[in-house]
Amino acid sequence: MRNAMLQANPKWKWHFDIEQGQLMLDMDEMMFVVAAKKSKLLDEVKKEDIPFSVEDCDSYTVYYHALEDVFDLAEPILTQMALNATALVTYSKPMGAKSWFVNPNTGDIPDLFEQVVTLTSDTQQGLFLLLERANESSLLMLLNPSFELNGGSQMKQFELIRVINDRLGRYVSQ
């Protein structure tokens, strides 16, 4: 059964709270805090409020439905994931591939339409939302609460990583 997705509103706008050092989505009656480090965000979003655009609405809808198709989660969790993905794909600084933090995929390769993929490190497998796919590499957002990368570094939920496409694994629901 599909959840009733929170619908975007023309009054919504991205707002950077200087005191808190956080990007937020002003949803008119409530504020949604984006899980992003200030240093990882483009300067433009830190200067003035930016309306939630038609492109933002499209991204939010695509990510929400991609997640809903794979996971049986409550609407607030799907909304949180989709809004973080929308903000991060639009307002994060460009990043180079950091493929050495994860192992090459040795299993099934995800097809071009799959948006939930896996990455495997020496110690665990993580679930990621594919935000952007190019010929050589893909930008991914971590869905798990945390993920230990090769070398001992940790990623936190909703952090981004770009990897070469040979690292992407197919997610098979349990």
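Predicted model: local features only at pLDDT ≥ 70, side-chain atom pairs only at ≥ 80, totals over all residues.
Local features here need pLDDT of at least 70 and side-chain atom pairs count only at pLDDT 80 or more, while totals for chains, interfaces and linings use all residues. Residues are numbered from 1 along each chain as its sequence is written, and side-chain values use heavy atoms, with hydrogens and water left out.

Me: Why are α2 and α3 called oblique to each other?

Reply: Helix α2 (residues 54–70) and helix α3 (residues 75–91) have axes that come within 8 Å and cross at roughly 135°. Angles under 35 degrees count as roughly parallel, over 145 as roughly antiparallel, 65 to 115 as roughly perpendicular, and the rest as oblique. The pair is therefore oblique. The crossing is also right-handed.

Me: Which residues make that contact?

Reply: On the α2 side they include Tyr60, Tyr63, Tyr64 and Leu67, and on the α3 side Leu78, Met81, Ala82 and Val89 are among them. Contact means heavy atoms within 4.5 Å. The residues of this contact divide into 11 nonpolar, 4 polar and 3 charged.

Me: What makes the phi of Asp28 worth a look?

Reply: Phi of Asp28 is near 75°, a positive value in a residue other than glycine. Most residues other than glycine have a negative phi. Asp28 lies in the loop between β2 (22–26) and β3 (31–33). Phe158 also has a phi near 75°, and its place is in the loop between β9 (154–156) and β10 (160–164).

Me: How do you know whether Asp28 and Phe158 are buried or exposed?

Reply: Buried means under 20% relative accessible area, exposed over 50%, and partly exposed in between (1.4 Å probe, protein chains only). Asp28 is at 45%, so Asp28 counts as partly exposed. Phe158 is at 4%, so Phe158 is buried.

Me: What makes a set of residues a nonpolar core?

Reply: They must be buried Ala, Val, Leu, Ile, Met, Phe, Trp, Tyr or Cys residues, joined through side-chain atoms within 4.5 Å. The largest such core has 37 residues, and Trp14, Leu23, Leu129, Met141 and Leu143 have the most contacts inside it. Elements giving two or more residues to this core include β1 (13–17), β6 (125–133) and β7 (137–142), but α3 gives the most, with 8 residues.

Me: Which residues does Leu23 touch?

Reply: Leaving aside neighbours within four places in sequence, Leu23 is in contact with residues including Trp14, Phe16, Phe32, Val45 and Tyr91.

Key. Axes fitted to C-alpha atoms, helices over the stretch in contact; angles between N-to-C directions. Helix = DSSP H or I, 4+ residues; strand = E, 2+ residues; numbered from the N terminus. Left-handed = near helix turned anticlockwise from the far one by under 90°. Nonpolar A, V, L, I, M, F, W, Y, C, P; charged D, E, K, R; others polar.
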